[in-house]
Amino acid sequence: MYKNILVPMALDHGVGENSVAIARRLLSEGGKITALHVYEAPEGSVGAYIDDSVVQSAFDRAKARLEERVAAMPGVSSMIVKGHSGRSIIDTATALKADCIVMGSHKPGLIDYFLGSTASRVVQHAACAVHVARDIN
């Protein structure tokens, strides 16, 4: 079905494996899957109190953790970017010319109806198909 699938995964949630399994079922022969993690660096006044080396060290740990997770997923490449989750997922999908995004989502709470979750932002603004796998736990 799809030749280029982007699978965003938060390293602190366990939904990545399920999303990759779904992506594999949607993938055309010869297609590719890219696992993406968006690293959100401390912003604003918080960033002024944190040394750049601490932020870089945290980024490097996140990159290593992503690569470790993806190593157990044959045929999946990894990518990490810095930025805001929703916007970075959309921008990365556009840059990679992804034709589908497969991502997990938690059950929305009251705050999601006012602020919107990352998944809902991606669904609203992505230029490609988006498959959202609901975490029902």
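This is a predicted model: local features need pLDDT of at least 70, side-chain atom pairs count only at pLDDT 80 or more; totals for chains, interfaces and linings use all residues.
Strand S1, which covers residues 2-8, and strand S4 pair in the parallel sense, and two bridges join them.

**Strand S4 and helix H1**

- Strand S4, which runs over residues 100-106, is mostly covered, since six of its seven residues are buried.
- Helix H1, made up of residues 16-26, has as its buried residues Gly16, Ser19, Val20, Ile22, Ala23 and Leu26.

**The aromatic pair**

- When the whole structure is searched, one aromatic pair is found.
- The pair consists of Tyr39 and Phe59, whose ring centres are 5.6 Å apart and whose planes stand at 85°, so it is classed as edge-to-face; the angle needed for that class is over 60 degrees.
- Tyr39 belongs to strand S2 (residues 27-39) and Phe59 to helix H3 (residues 52-71), and the pair therefore ties together parts that are 20 residues apart in sequence.

**Surroundings of the two rings**

- Are Tyr39 and Phe59 buried or exposed? Tyr39 is buried, and Phe59 is buried as well.
- Phe59 also has a charged residue over the face of its ring, namely Lys82, which lies at 4.7 Å from the ring centre.

Definitions and conventions: Residues are numbered from 1 along each chain as its sequence is written. Side-chain values use heavy atoms; hydrogens and water are left out. Buried means under 20% relative accessible area, exposed over 50%, partly exposed in between (1.4 Å probe, protein chains only). Helices (H or I, at least four residues) and strands (E, at least two) are DSSP runs, numbered from the N terminus. Two strands pair if DSSP finds at least two bridges between them. Rings of Phe, Tyr and Trp (its six-membered ring) pair if their centres lie within 6.5 Å; planes under 30 degrees apart count as stacked, over 60 as edge-to-face and the rest as tilted. A charge sits over a ring if NZ of Lys or CZ of Arg is within 6 Å of the ring centre and within 35 degrees of the ring normal.
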